[in-house]
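Me: Hi! I've got this model open on my screen and would like to talk through a few spots in it. Shall we start?

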Amino acid sequence: MNAGLIANLRKQCDGPRDGALLRFSLGNALLAEGEADMAIDELRRAVAFDPTYSAAWKLLGKACLDAGQTQAAAEAWRSGIAAAAQRGDKQAEKEMGVFLRRLEKTSP
């Protein structure tokens, strides 16, 4: 159970420590609890704070996929690939490319 962690992270939101890492951590904890829709909201806030945060884009894509939002997952991974390329994060760029190709193969 991540309930305590989620509550602690939520307390820090909108305070001086609010930012991409806090929102990413909260989104990750929510996704681990099966709360994909809430995770999506927090991960969107994370990439709003830092549009080049490739790990947040990658997790946002997964959260969207878990929520059945395949188009949003593809868009997140495309944005994440661009962000990773901009940062020189080759591993994240490669991983999201694989996820995107898999998704495109299974989508009509």
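Me: Where does Leu5 sit?
Reply: Leu5 is in helix H1. Helices here are DSSP runs of H or I with at least four residues, strands are E runs with at least two, and both are numbered from the N terminus.

Me: Before we go on, what kind of model is this?
Reply: This is a predicted model, where local features need pLDDT of at least 70, side-chain atom pairs count only at pLDDT 80 or more, and totals for chains, interfaces and linings use all residues. Residues are numbered from 1 along each chain as its sequence is written, and side-chain values use heavy atoms, with hydrogens and water left out.

Me: Thanks. Is Leu5 buried, exposed or partly exposed?
Reply: Leu5 has 41% relative accessibility, so it counts as partly exposed. Buried means under 20% relative accessible area, exposed means over 50%, and partly exposed is in between, with a 1.4 Å probe and protein chains only.

Me: What about Gly4?
Reply: Gly4 is in helix H1 too. Gly4 counts as exposed because its relative accessibility is 52%. From Gly4 to Glu42, 38 residues apart along the chain, the C-alpha separation is 17 Å.

Me: Switching topic: what is the phi of Asp14?
Reply: It is near 65 degrees, a positive value in a residue other than glycine. Most residues other than glycine have a negative phi. Asp14 belongs to the loop between H1 and H2, and at 70% relative accessibility Asp14 counts as exposed.

Me: Now the core. Which residues have the most contacts inside the largest nonpolar core?
Reply: Phe24, Leu43, Trp57 and Leu60 do, in a core of 34 residues. Such a core is a set of buried Ala, Val, Leu, Ile, Met, Phe, Trp, Tyr and Cys residues joined through side-chain atoms within 4.5 Å.

Me: Which helices supply it?
Reply: H1 (3-12), H2 (20-32), H3 (36-49), H4, H5 and H6 (90-106) each supply at least two residues of this core.

Me: What is Trp57 in contact with?
Reply: Leaving aside neighbours within four places in sequence, Trp57 is in contact with Val47, Pro51, Ala76, Trp77, Ser79, Gly80, Ala83 and Met96. Contact means heavy atoms within 4.5 Å.

Me: How do H4 and H5 run relative to each other?
Reply: The axes of H4 (residues 54-66) and H5 (residues 70-87) come within 8 Å and cross at roughly 170 degrees. That makes H4 roughly antiparallel to H5 (an angle over 145 degrees).

Terms used: Axes fitted to C-alpha atoms, helices over the stretch in contact; angles between N-to-C directions. Parallel < 35°, antiparallel > 145°, perpendicular 65-115°, else oblique.
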